Amino acid sequence: MIIESLKLGFVYGISMSFISWIVGMIINSMLVKTEFYKKISNLNFIKSRTLNKRIGIKYFKWIVKNSFFKFFNQKIKLENKNTDLVVIRNEMTLSEISHLIGFVFVFSVAIYKSITVGILFALAMMIPNTLLNLYPSLLQQENKRRIDDFLKRKTRNTN
């Protein structure tokens with residue numbers, strides 16, 4: 001019974017995480033022109049590079065770059081030295097916030113399922129939600145910090 005609940009919760013979590021990507025994009029498209037969006041577009045949950053390393057963002061980044069996930073958002077790609085980093089950063093922000101919305105959506109469903117089905121089911125749901133929504137968002141935040149650092153250095157060097 002416990003193993004079955006964990007398996008079902010995990011599979012349900014994968015399904016809900018994929019659905020949440022669509023939910024995130026829809027809600028994000030409504031938020032993008034609001035003042036609230038400007039406030040949340042510079043989120044930075046984990047500022048420490050050491051902590052990012054400890055939670056495995058480096059490995060997650062490798063998985064994204066070397067699996068089918070690399071084909072998902074082709075707008076976030078450095079083609080050459082002439083690539084506009086501000087445009088790339090904006091695309092990263094869209095992706096980051098869409099994933100965060102998706103994470104909150106699945107988290108809300110998991111809370112409901114913890115009450116109606118059971119806590120193990122809900123916890124199992126959160127594993128794919130973390131991997132498919134939270135980690136991509138954290139990776140975008142790290143990449144945005146790297147772009148921001150580069151743009152600051154570039155601005156300092158041109159002055």
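Let's start with a glycine: Gly118 sits in the loop that links helix 5 (85-116) and helix 6 (119-158). Keep in mind that you're looking at a predicted model. From there, we'll move on to the cores and then to an asparagine.

**The loop glycine**
- Gly118 counts as buried because its relative accessible area is 18%, and the cut-off for buried is under 20%.
- Gly118 and Lys39 are 79 residues apart in sequence, and their C-alpha atoms lie 36 Å apart in space.

**The nonpolar cores**
- The largest nonpolar core is made up of 9 residues: Met16, Phe103, Val106, Val109, Ala110, Phe121, Ala122, Met125 and Met126.
- Helix 5 and helix 6 are the elements that each supply two or more residues to this core.
- There's also a second, separate core of 6 residues, with Phe60, Tyr135, Leu138 and Leu139 among them.

**A closer look at Met125**
- Met125 is one of the residues of the largest nonpolar core.
- Setting aside neighbours within four places in sequence, Met125 is in contact with Gly9, Phe10, Tyr12, Gly13, Met16, Val106, Val109, Ala110 and Lys113.
- Some of those partners, including Met16, Val106, Val109 and Ala110, also belong to the largest nonpolar core.

**The asparagine in helix 1**
- You'll find Asn28 in helix 1, which covers residues 2-31.
- Is Asn28 buried or exposed? Asn28 is buried, since its relative accessible area is 1%, and buried means under 20%.
- If you leave out residues up to four places away in sequence, Asn28 touches Tyr37, Leu94, Ile97, Ser98 and Ile101.

Definitions and conventions
Residues are numbered from 1 along each chain as its sequence is written. This is a predicted model: local features need pLDDT of at least 70, side-chain atom pairs count only at pLDDT 80 or more; totals for chains, interfaces and linings use all residues. Side-chain values use heavy atoms; hydrogens and water are left out. Helices (H or I, at least four residues) and strands (E, at least two) are DSSP runs, numbered from the N terminus. Buried means under 20% relative accessible area, exposed over 50%, partly exposed in between (1.4 Å probe, protein chains only). Contact means heavy atoms within 4.5 Å. A nonpolar core is a set of buried Ala, Val, Leu, Ile, Met, Phe, Trp, Tyr and Cys residues joined through side-chain atoms within 4.5 Å.
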